[in-house]
Amino acid sequence: VCYTLIGHSERRSKYGETDEDTATKVEKCQAAGLKVLFCIGDLLEEREAGKTDEVNKRQLLSPKSRTGMTSSLPDPVVASVGIGTGKVAIPGRGDLRWPRL
């Protein structure tokens with residue numbers, strides 16, 4: 001195993017995985033030599049409230065600030081479509097975005 005997935009929306013929304021939990025996992029996986037695919041994304045309520053960038057930044061910066069990383073975390077897998085809604089991202093509508101850091 002070379003890669004691991006951390007921060008998936010279902011882990012966050014259904015099992016209560018926190019930003020602190022994901023930061024701990026990133027730290028342990030990197031110490032074990034695993035490459036991390038790090039998932040971030042907002043809930044529908046957060047997107048509709050215009051908080052997508054705020055949520056994405058918070059989720060992404062949590063492991064970076066905890067571990068002191070600057071570049072060792074790969075680009076995040078971003079799902080800015082309202083997690084768990086069944087709605088899909090539509091190119092050109094702004095659903096697919098990178099966090100503005």
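**Close-up 1. Asp19, a buried residue.** With a relative accessible area of 15%, Asp19 is buried (buried is under 20% relative accessible area, exposed over 50%, partly exposed in between; 1.4 Å probe, protein chains only). Its partner Arg12 is buried too, and the two form a salt bridge with the closest N and O atoms 3.0 Å apart (a side-chain nitrogen of Lys or Arg within 4 Å of a carboxyl oxygen of Asp or Glu). This is a predicted model, in which local features need pLDDT of at least 70 and side-chain atom pairs pLDDT 80 or more, while totals for chains, interfaces and linings use all residues. Residues are numbered from 1 along each chain as its sequence is written, and side-chain values use heavy atoms, without hydrogens and water.

**Close-up 2. Arg58 meets Asp19.** Here the side chains join in a salt bridge of 2.5 Å, N to O. The pair links distant parts of the chain, 39 residues apart: Arg58 sits in helix H4 (residues 52-67) and Asp19 in helix H2 (helices are DSSP runs of H or I, at least four residues, numbered from the N terminus). Arg58 is partly exposed, at 42%.

Close-up 3. Look for Glu17 in the loop between helix H1 (9-15) and helix H2 (19-31). Glu17 counts as buried because its relative accessibility is 9%. Arg11, partly exposed at 40%, forms a salt bridge with Glu17, with closest N and O atoms 3.6 Å apart. Salt bridges that share partners bring Arg11, Glu17 and Lys25 into one network.

Technical notes: Helix = DSSP H or I, 4+ residues; strand = E, 2+ residues; numbered from the N terminus.
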